[in-house]
Amino acid sequence: MEAEKKAISLLSKLRNELQTDKPITPLVEKLADTDIWNQYLEHQQSLVSETDGKPRWFCSPWLFVECYAYRRIHEAVIQSPPIDDFDVFKESKQQTFFESQESIIGICTYLQELVKNIEDLDENHLKNEFFKLLQVSLWGNKCDLSMSAGNVSFQKTNIDSLEHFKPFILVNDMERLWSLLSNRKKTRGKDTVSRVDIVLDNSGFELVTDFILADFLLSSKLATEVHFYGKTIPWFVSDTTIHDFNWIIEQAKHSNHKWLSKCGVDWENYIKMGRWVYHGHFFWTLPHEFWAMSQVAPDLYAELQKAHLIFFKGDLNYRKLTGDRKWEFTIPFHQALNGFHPAPLCSIRTLKSEIQVGLQPGQSEQLTASDPDWLTTGKYGIFQFDGPL
Ligand SMILES: O=P(O)(O)OC[C@@]1(O)O[C@H](CO)[C@@H](O)[C@@H]1O
Ligand SMILES: [Mn+2]
């Protein structure tokens with residue numbers, strides 16, 4: 001109880017600082033990322049003019065203060081042993097998993113029926129299924145808890161509704177993903193690796209959709225291994241940590257539903273065989289743009305370079321890919337990445353913040369006229385690829 005009281009008082013202090021626009025203060029508790037964070041705060045300080053004094057909550061870049069808020073929540077918890085490994089968002093993450101059981105069972109059943117005969121599918125059919133499961137993973141990103149504040153009444157994806165959602169895909173590079181993976185499958189030697197990396201976003205329903213896609217990639221031999229990247233601390237409410245990752249697989253495995261539990265057993269086996277690999281890295285919970293990765297986290301950059309294709313899930317990853325800048329809507333994605341090219345990559349994201357690049361001339365104007373909130377509601381989505389043609 002004493003520890004809880006301490007954590008709550010630190011969180012109240014944080015809330016007060018935020019609500020009254022106090023200066024941003026350095027982190028105090030020593031963790032692997034503390035020095036990098038504090039250097040970043042100093043850098044922000046150097047950008048503020050003398051008359052403005054210190055960086056504050058209301059007038060600092062949104063990406064920076066939003067990440068800082070979650071890092072401070074974590075600091076309040078780690079300063080309060082013995083509850084220092086408590087995940088303040090665990091309950092809501094787990095609740096959404098249970099609330100989306102029906103949709104989860106639906107997509108797991110679909111996958112299991114599909115993989116039964118996967119060897120017999122012709123090229124076109126396989127491509128069609130690949131596209132379907134990519135779209136399931138895309139629309140799975142509608143379900144984050146940071147924006148919905150725990151309200152998960154968002155329409156859940158099911159395979160039959162995909163056609164209905166097609167018009168809301170604003171950038172669709174799925175064909176390029178197919179060409180890349182299917183050409184590699186045709187030309188690679190018997191023992192060579194085809195590696196797809198997935199930079200994860202939310203746990204719960206979205207993570208299951210990512211697992212379904214990753215399972216399909218192995219079952220169809222479009223990939224021989226899949227590497228996942230998650231957060232090392234609780235983040236943006238619903239983001240995936242290693243605990244969430246393992247918990248979802250355990251839940252699936254112990255389900256009473258035949259196909260969901262089959263999925264859980266298969267997924268655990270993939271991990272045991274090293275065909276699925278999970279990586280945690282503190283870089284993902286820093287405020288830095290991804291173009292800083294090669295400098296700030298060269299080990300992580302080198303790991304990503306081993307992939308043949310990288311999927312970046314979700315809105316926050318898109319903001320970091322593009323530096324959260326106010327780009328023109330028509331600027332090429334490659335340019336907005338500003339030198340971040342560890343391997344061919346694709347953002348799979350529903351739009352929840354006011355940034356989008358790589359649109360056709362006139363496309364944004366049309367959208368604004370027909371649906372003024374198109375950038376922020378999560379109704380629209382993209383598959384945006386960058387890599388050699
Ligand atoms: O990255 P995700 O889960 O798709 O979305 C995270 C998000 O809800 O959080 C931020 C707002 O707080 C925005 O970047 C985005 O809207
Ligand atoms: Mn998220």
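**View 1. The second largest cavity has a volume of about 50 Å³.** This is a predicted model. The structure holds three cavities of 30 Å³ or more. Rolling a probe the size of a water molecule over the atoms shows where empty space is left. The second largest cavity is lined by Y70, I73, H74, V77, F86, V88, F89 and P234.

**View 2. E225 sits in strand 3, which covers residues 225–230.** E225 is buried but forms no salt bridge. R195 is the nearest side chain of opposite charge, 4.6 Å away. The side chain of E225 does make a polar contact of 2.7 Å with the side chain of H227.

**View 3. Residues from elsewhere in the sequence touch E225.** Residues up to four places away in sequence are left out here. The partners are V193, S194, R195, V196, L218 and R275.

**View 4. K231 lies in the loop between strand 3 and helix 11.** Helix 11 covers residues 242–253. K231 counts as buried because its relative accessibility is 5%, and the cut-off is under 20%. The side chains of K231 and D239 are joined by a polar contact of 3.2 Å.

**View 5. K231 and L200 are 31 residues apart along the chain.** Their C-alpha atoms are separated by 8.4 Å. L200 is also in contact with K231.

Methods:
Residues numbered from 1 in each chain as written. Chains lettered and ligands numbered in written order. Predicted model: local features only at pLDDT ≥ 70, side-chain atom pairs only at ≥ 80, totals over all residues. Heavy atoms only, no water. Helix = DSSP H or I, 4+ residues; strand = E, 2+ residues; numbered from the N terminus. Buried < 20%, exposed > 50% of the residue type's maximum accessible area, 1.4 Å probe, protein only. Lys, Arg positive; Asp, Glu negative; His and termini not counted. Salt bridge = Lys/Arg side-chain N within 4 Å of Asp/Glu carboxyl O. Polar contact = N/O pair within 3.5 Å; in protein donor to acceptor, adjacent residues only side chain to side chain. Contact = heavy atoms within 4.5 Å. 1 Å grid on protein atoms, 1.4 Å probe; cavity = no way out; pocket = protein on both sides within 12 Å on 5 of 7 lines; lining within 4 Å. Points joined across faces, edges and corners; volume = space filled by probe spheres on them.
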